[in-house]
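Please read them with the structure open.

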Amino acid sequence: MKKIIQRRLFIISMFIALTATTAFAQGTGFNFQGRLNDGANPASGQYDLQFRLYSAITGSGQLGSTIARPATVLINGVFSVNLDFGSTAFNNPNAVFLEIGVKPGGSPNAYTILGPRQQLTVVPFAVRANNATTADFSTNAANATNAAFATNATNATNATSATNALSLGGVSASGYAQLNTVNTGDLRTNGALAITGNAFQPVTSYGFAKAMIEVSRSGTILRCYNGITNSSTNGCGFTITTPAGTAFGIYRINFGFAVSNVFVSATVQYEETNGNGNNNGGVNYRNFDNTTIEFFTYSPNIPQDTVSKHFTLILF
């Protein structure tokens, strides 16, 4: 006796299984899974299945060819088949409906058509990209959200302009500086670090120079760089005073930022005699207040405590 097959199909999952073979082409096949009841119970055993695509939920308008999957094994009602209707079958993403016919395996009787037809949603339409000029998901598209090769892309393997890319402009990732793995803003390089502009950082950080100043014997700033404000002109925000009523060679430099925790390096320039018959010299310093350091230049072979000297200092 011919089995009476209940005309109910419960789709439990459906997904695309792309079979890309080159960088510029991809397959059009996808995997379809469903659940079939034979009467009131899940169908088990071999069944002959037939699949057609239509442009509407009822009526004519078949898309592509008819696909037969004879002797399909069902276990507890579940089946899984690979289908390929070709790329042209998916040109209209809002009007693709799958019709399924079923009969016992090897039966000479006609297929029983299960109803209603199942509309295929947006997931399968990645197959359109094989021959599309513009596409939501495309191998070669002018604008794409996800693409292997694209002119503009949010996520791309190779892209002219991309938010996230493995290769930018043909240059591999090893050619770019990289944020560290916890994304705190630190930079890594595989070789030397070359910065074409000035390097500066917050006063509470270490690594770059916070201040560089060359001071004349008279207490004039000859050249400078402020590593906090990225300034190199007009005194860089630094001011120098020579306290009245004190010996020559005392320079109080106000940097405009806290200097209590910085590292200080200062050196006197070797120069022609300044009237004291002495070329060599040195420089000492002390913190004067929160933003000011006081420097003392001297010549070791004269009785005076301090002597005016040309010197250079760097704060780290």
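1. Thr72 counts as buried because its relative accessibility is 9%, under the 20% cut-off. The model is a predicted one. Thr72 belongs to strand 5, which covers residues 62–74. Leaving aside residues up to four places away in sequence, Thr72 touches Gly45, Gln46, Tyr47, Leu49, Phe79 and Val81. Gln46 is 26 residues from Thr72 along the chain, yet their C-alpha atoms are separated by 5.2 Å.

2. On the whole chain: the protein has 19 strands and zero helices. Of its 316 residues, 36% count as buried. Among contacts with a separation of 6 or more, 54% come from residues 24 or more positions apart.

3. Seven aromatic pairs turn up in a search of the whole structure. In one of them, Tyr251 and Phe311, the ring centres are 5.1 Å apart and the planes stand at 55 degrees, so the pair is tilted. Tyr251 is in strand 15 (residues 250–254) and Phe311 in strand 19 (residues 311–315), 60 residues apart. Tyr251 has a relative accessible area of 1% and Phe311 one of 0%; both are therefore buried.

4. Phe311 also forms a tilted pair with Phe295, at 5.7 Å centre to centre and 35 degrees between the planes. Because Phe295 lies in strand 18 (residues 292–298) and Phe311 in strand 19, this pair ties together parts 16 residues apart in sequence. Tyr251, Tyr285, Phe295 and Phe311 form one aromatic cluster.

5. Two charged residues sit over tyrosine rings: the charged end of Lys103 is 4.7 Å from the ring centre of Tyr111, and Arg117 lies over the face of Tyr54 at 3.6 Å from the ring centre.

Notes
Residues numbered from 1 in each chain as written. Predicted model: local features only at pLDDT ≥ 70, side-chain atom pairs only at ≥ 80, totals over all residues. Heavy atoms only, no water. Helix = DSSP H or I, 4+ residues; strand = E, 2+ residues; numbered from the N terminus. Buried < 20%, exposed > 50% of the residue type's maximum accessible area, 1.4 Å probe, protein only. Contact = heavy atoms within 4.5 Å. Phe/Tyr/Trp six-rings, centres within 6.5 Å; stacked < 30°, edge-to-face > 60°. Lys NZ or Arg CZ within 6 Å of the ring centre and 35° of its normal.
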